[in-house]
Amino acid sequence: MSTMRPSLTAPGDERSPWQRWKDFWFSTADPTTLGFIRICTGLLVLYIHLAYSLDLQAFFGKHGWYAASFIDRERKESPAFVSPFWGGYDEGRMSAQLSDFPHRREALMTFLRGLPVNEIDRAAAMAFLNRINTYQNPDDFRVALVYVQRMGSRPEELDNNLTVLTGGQLTPPERTLAYRRAIPTFFRDLPQEEREKIAGEIRAFWTLLGQIKWADPDRDRNYVFNHFTEVAAESRHALIQYIATLPTDAAEREKLLNYLEYWNSDPRQALRIGYPIFSIWFHVTDPTQMALIHVGVLVLILLFTLGVFTRVTSVLTWLACISYIHRTQHVLFGMDTMMNILLFYLMIGNSGAALSVDRLLARYRAARASLNRSGVIDAPTRAFLAYPPPSVLTNFTLRLIQVHFCFIYTAAGLSKLKGAAWWNGMAFWDVVVNPEFTLMLYPWYESMVRGLASIKPLFYFTTITAVWFTLFIEIGLPFLVWTRLRWFVVFLATAMHALIGVLMGLNLFELLMIVMLLAFLPDRVIRDRFRAGPGLPRLRFTVNTRNPAQARAAALVLALDADNQIALQHDPDVVTTTIAVGDGEPVTGPEGVALLFQHIRLLSALRWALWIPGLRGLLARRLFPDRRPPSRESLSSASGAPRSPVARR
Amino acid sequence: MERDAPALAAPRCPADAVPPFALETVRITGFVGVGLTALAAGLSGVATLLPDSVQPAINFARLCLVFIGMITVGAAISMRPGVWWAWALGAAAALLTWPGLPEYWDSFRLLTLVLAGVAGGGVILTSCTPFWRTVLVSALVLFHFTGIFMATTSPPPTPWLTEQVFRHIYNPYLQLVYLRNAYHFYSPEPGPASLLAFFLKTEVGTTATGEPEYKYQWVVLPTRPADLRDPLGLGYYRRLSLTEQLARGSPGLAVPTDQFEKTEMWYRRYNQREVIPFHPADNVNIQYRLPNPDVTRYLLPSYASHVILEHTPDKQTAAKTTVKVYRLEHRTMPPDQFTRRLADGGYQSPYNPVTYRPFFLGEFDVHGTLLNPQEDLLYWLIPILPADPNDKQLNPYKKPYLDYMSVHALELSPNEVLAADEKAGRVFNWSQLK
């Protein structure tokens, strides 16, 4: 990171916590590291989305693995519940629930749809259930319901049971005794009047059950009774409450019932309905349109990778990528999570400030402004051209990536401690020998693993060391990375991800993790890797900086000269700009263009572009404006007479 | 027009070397963007007066205007991100985008409200003094990482504090930006991988005796090398993710709910034991895996529908096709089994069919409807058991395993399956899994 900030762990640090906080988050940092992260991320994201091209319809199409109709319903209707904020400690979420088994749920839905629409009639029909639902002892509810359930076994059973319940007699008297024994004690002990009331309620309930059009009356009625009997008390209360509060409006009622049938919950009890997600693939399902949009996304990612209008393309790239993510989360795995984290934070920071086309454009604008202003490249502009200036936003973004990475590792490491396999080493074995992920289909790999497992001490040493190493890295890195051991733990983490990538084939996932680790590297590491050595050729660009066209040409050349190989030489008499290598002959026009592409390091990588018809001529006109065929006199004066160089260094 | 502001004074530091964009340029760009989104909003009002036949063209025009307008105003903000009114123009454009979008683009209407909020935040931050900007950004950082922390503690058993704060406050935000992952990778155990085997049965006519005639096809997800479509095999791993979704479930017999159904279901399964035995190596409680409700509610129906549509040439054929879905849980071999020599001197291959545990997940039609929710083996393990490869009469292809999954799918006898040639395509071809 920037050398301008004090060390986080310097002894005798007397900064206040607020100052330390500000120094951590709001210092400056070289944008080169962030630019490199942008390029690496962009390349990986480009590959990931190129791979989507082969499965665009299968993953995101209307009839894909997760069809559009299902995701539409899920994102609009899926309920989110939360346990009550106040209330008892044992109170969970209270929402009406049915059986998850389709045949049983069908019976319950038939029951619910068969309930009287009118609230008073419904209350009368459900009076018995409402009564026993108030019993504090859940066993009493079950006993009472089973008692009533048995009355439906034969048509005369209901009359017989209710006759005995209300104190009547059957013939012979032994039958009365048998029926009386079946009455729950808490009913038997009630006064006559109350028992008659209960009998009326039971009869009303059975009348309701008789009026409903069941697919199989005996079976389906029993499903309803079974459900009320075995469901937990809170859920039963909620279901009975649901029944009591069903709206009388037919459309509203049907909407609620449909929701319960599909989602097995009451939307009125939900904290939230639906997901706040967006995706272009929710709304575009035509295959041709999808293909065109997909190509557009690929171009966008490429522009982001190259750093073209990065402030806009970074946001668009994230919006585009998250469209794929939200459409079909079932094809995602950890790789997509890391990709999203990187794109999200790169969107916040100005990741195009270095190693980007934006940087080239900025160099051009800075050089042009300086030449327009004073005819020379002034010191601040020179410094700007030498290195991208450190910025607060860059540091802020790198810190976001670092801190988030620490959260990932802490959660991943600590959660593993829940599993016995991560204590006894078998987790490593399960990973290494997983046939779907590893190279197990290759005989050499199978033999190698078998050889390892055949030597018991070696097997245990390897597996236990591997899991200890994993746990050490994942739990230790979030702490050690802020100390002098940063290099060590970053190296170990990189090695771990490389090994996982090779062993399990999750190469893109691990590469993205390694890209995130780049955020921990000091500023100069990346920057110096891109800095060319001293052996680059030096060039001389002669220009009349007072000529606007020539000044623009000079600015353009300086912009492309990322390694500062060119020295500007001001000559008020030159008709057009010229370029020369060292003390060599100055050239202009297409020859000058060729020379630039040959010797300037950035341009030499793009030499193939000169094969594009017209490009060389276009560049010649821009870089060497007002060009006439050079005369002997102008060439000899350019090489011999003393000039006033425009100092750059 | 000169886009850069005239820079008459020398810059004080390298960061100032690049002249800022002229405010006039930013203003014009911003207003163009707002104008385009306003035009889209205006078209929405006009669209209601126009006939239905032109609605698609109007909607397309609205989408284009909104898209170009938002990018334009975004470009204006990017030119001078420190100017508060650029963000204000962004907020205005985002709000105008809401009516500008066709109504069925509801998810993007949500996005525009979010963008308007972000732009509003930009107005506040750029209007503040540096001190308050630092304070506000710090507060946002704390808010953000508190949410990340809550997400990591959200898997069960969820602390009450996480449940309340996460569900009430953070879930919508983290869900929108897809940052709700708990990062519990391979936790608590790495777990076995799963494959899916789909058995498609299409009615193609009737036999001479009047019986329906069927065509059969097995489809496996994923397979190598067919699903290794890109150099790094990403398509293969994505398909493995699809299969993992169906692995979410519980040993249903051990879960103390729906006991009445489980009692009936147990007897249905028990009555089939002579035809398809229980697996001798596993406890019966874990041979029944009840999928999570979301799996049965929409994943399985969607997968089934997709497979039928993908493997039938037209709608009529699809309507006559059903699919049985099996999840093949591929257990990893313990080291002692992996290193144990067999009688023939070799070792058991990790791809030996007996290492797979197929669970039957139901038979579906093209609409994703579960045809028989009371099927005897629904959600039960169907065993692949060792067989004698040396019985030439019963086992001409010397298979060392007896594939009850094919017995169940094809409703054949075990001997018929044992004697069948897997390469013919009717019984499941286990060699394709390596």
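Please keep in mind that the model is predicted. Between them, chain B and chain A bury about 10800 Å², and six salt bridges are counted between the two chains. Over in chain A, helix α20 has a set of buried residues that pack against α19.

**The interface of chain B and chain A**

- The size of an interface is often given as the accessible area lost when the parts come together.
- Here that area is about 10800 Å², with 65% of it on carbon and sulfur atoms.
- In terms of contacts, 127 residues of chain A are touched by 119 residues of chain B.

- Six salt bridges are found between chain B and chain A.
- D106(B) and R75(A) form a salt bridge through their side chains, at 2.9 Å from N to O.
- Helix α5 of chain B (residues 130-152) gives the largest share of the side that touches chain A, with 12 residues.
- Sorted by class, that side of chain B holds 74 nonpolar, 28 polar and 17 charged residues.

**Helix α20 of chain A**

- Within α20 (residues 379-386) of chain A, the buried residues are P380(A), T381(A), F384(A) and L385(A).
- These residues lie on the same side of α20(A), because they cover an arc of only 140 degrees around the axis.
- An α-helix has 3.6 residues a turn, so residues three or four places apart point the same way.
- The packing partner of the buried residues of α20(A) is α19 (357-374) of chain A.

Notes
Residues numbered from 1 in each chain as written. Chains lettered and ligands numbered in written order. Predicted model: local features only at pLDDT ≥ 70, side-chain atom pairs only at ≥ 80, totals over all residues. Heavy atoms only, no water. Buried < 20%, exposed > 50% of the residue type's maximum accessible area, 1.4 Å probe, protein only. Helix = DSSP H or I, 4+ residues; strand = E, 2+ residues; numbered from the N terminus. Arc of directions from axis to C-beta. Contact = heavy atoms within 4.5 Å. Buried area = accessible area lost by both parts, 1.4 Å probe. Salt bridge = Lys/Arg side-chain N within 4 Å of Asp/Glu carboxyl O. Nonpolar A, V, L, I, M, F, W, Y, C, P; charged D, E, K, R; others polar.
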